[in-house]
Amino acid sequence: MEVTRIPILQIENYLVASIQTALHDRAATQFRDDLLERIYETKAQGLILDLTAVDVVDSFLARLTGDIAEMAGLMGTTVVITGLQPEVAITLVELGVELKGVTTALNLEKGIAALRKMVGKEGANGTTG
Amino acid sequence: MAPPAKERRIPVKTELDIVTARVEGRNLARELGFGTIDQARIATAISELTRNVVLYAPEGEVRVRAIVSDDGRRGIEVVCEDNGPGIADVDLVMQDGYSTSSGLGMGLPGTKRLMDEFKIETELGVGTRVTVRKWLR
């Protein structure tokens, strides 16, 4: 089965990926693997995962999002989730999903700002170049 | 007033059907006049129910239809039926945090919170039918 690939863009030392279509499970899992490989290849300090165009986040996609943040974190890359729509935030809370330890920002611009701050702080502590 | 004759049936066998089912459900919800937040609740509920079918049963079916209550309220009904193993302990699966598979354990209790009405019928070795409803406000 052909799996739709989600483009992963690089800006300076950050990666940006924006989900624009409804992801079935296998495409979502493929996306997670692609992201982690790109992080390794590019040595990106930060990753923005933009969900502006996503209208349904069920427990599967929520768990996957949390996994991506945790796995990227293990590799030393900071993840910020951006653009959660109001209805997605509402359904996530009602569903009982907790995105523990996941940093979120209202939009891409605020996400980049948050990333700069977080990565900058780590840099000052000498953990990154 | 005659009840609207809108019903859509979506066979559920693979993970691809999860997306198809929730898109169909959301489309009907939109046609019936549900707002974006209720549309998302309905689509998410369908996603959780159909994922259970894909995870635990060989196959199943989702039916979404417009409904009218005795006192004239309009709404949407989602029936998700499968020929899976059935659920031995319904009280247990309705507890938050319980899961036998790779899910987060919020499938059924979470789905119940998203909708206005929730009914589960199950028989071991025969299958499970979950019926959920949301009413227009």
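**A close look at α2 of chain B**

Tutor: Let's start with a neighbouring helix: the axes of α2(B) and α4(B) come within 9 Å and cross at roughly 155°. Angles over 145 degrees count as roughly antiparallel, so that's how α2(B) sits relative to α4(B). The crossing of α2(B) past α4(B) is left-handed. Keep in mind that this is a predicted model.

Who does the touching? On α2(B), the contact uses B:R41, B:T44, B:A45, B:E48, B:L49, B:R51 and B:N52, while α4(B) brings B:G107, B:G110, B:T111 and B:L114. Sorted by class, the residues of this contact are three nonpolar, five polar and three charged.

Now look at the sheet. α2(B) lies across β1, β2, β3 (74-82) and β5 (127-135) of chain B, and runs at about 10° to β3(B). The sheet itself is open and antiparallel, with five strands in the order β1-β2-β3-β5-β4. β1 (7-12) and β4 (117-123) of chain B are at its edges with a single partner strand each, so one side of each has no neighbour in the sheet. From one strand to the next, the twist averages 15°. β1(B) pairs with β2 (residues 60-68) of chain B through six bridges, in the antiparallel sense; there, B:I10 has B:V62 of β2(B) as its bridge partner.

Finally, there's the other chain. The contact between the chains takes 24 residues from chain B and 19 residues from chain A. On chain B's side, α2(B) gives the largest share, nine residues. That side of chain B has 11 nonpolar, six polar and seven charged residues.

Definitions and conventions. Residues are numbered from 1 along each chain as its sequence is written. Chains are lettered from A and ligands numbered from 1 in the order in which they are written. This is a predicted model: local features need pLDDT of at least 70, side-chain atom pairs count only at pLDDT 80 or more; totals for chains, interfaces and linings use all residues. Two residues are in contact if their C-beta atoms, placed from the backbone, lie within 7 Å. Helices (H or I, at least four residues) and strands (E, at least two) are DSSP runs, numbered from the N terminus. Ala, Val, Leu, Ile, Met, Phe, Trp, Tyr, Cys and Pro count as nonpolar, Asp, Glu, Lys and Arg as charged, and the others, Gly among them, as polar. Axes are lines fitted to C-alpha atoms, for helices over the stretch in contact, and angles run from 0 to 180 degrees between N-to-C directions. Angles under 35 degrees count as roughly parallel, over 145 as roughly antiparallel, 65 to 115 as roughly perpendicular and the rest as oblique. A crossing is left-handed if the near helix is turned anticlockwise from the far one by less than a right angle, and right-handed if clockwise. Two strands pair if DSSP finds at least two bridges between them.
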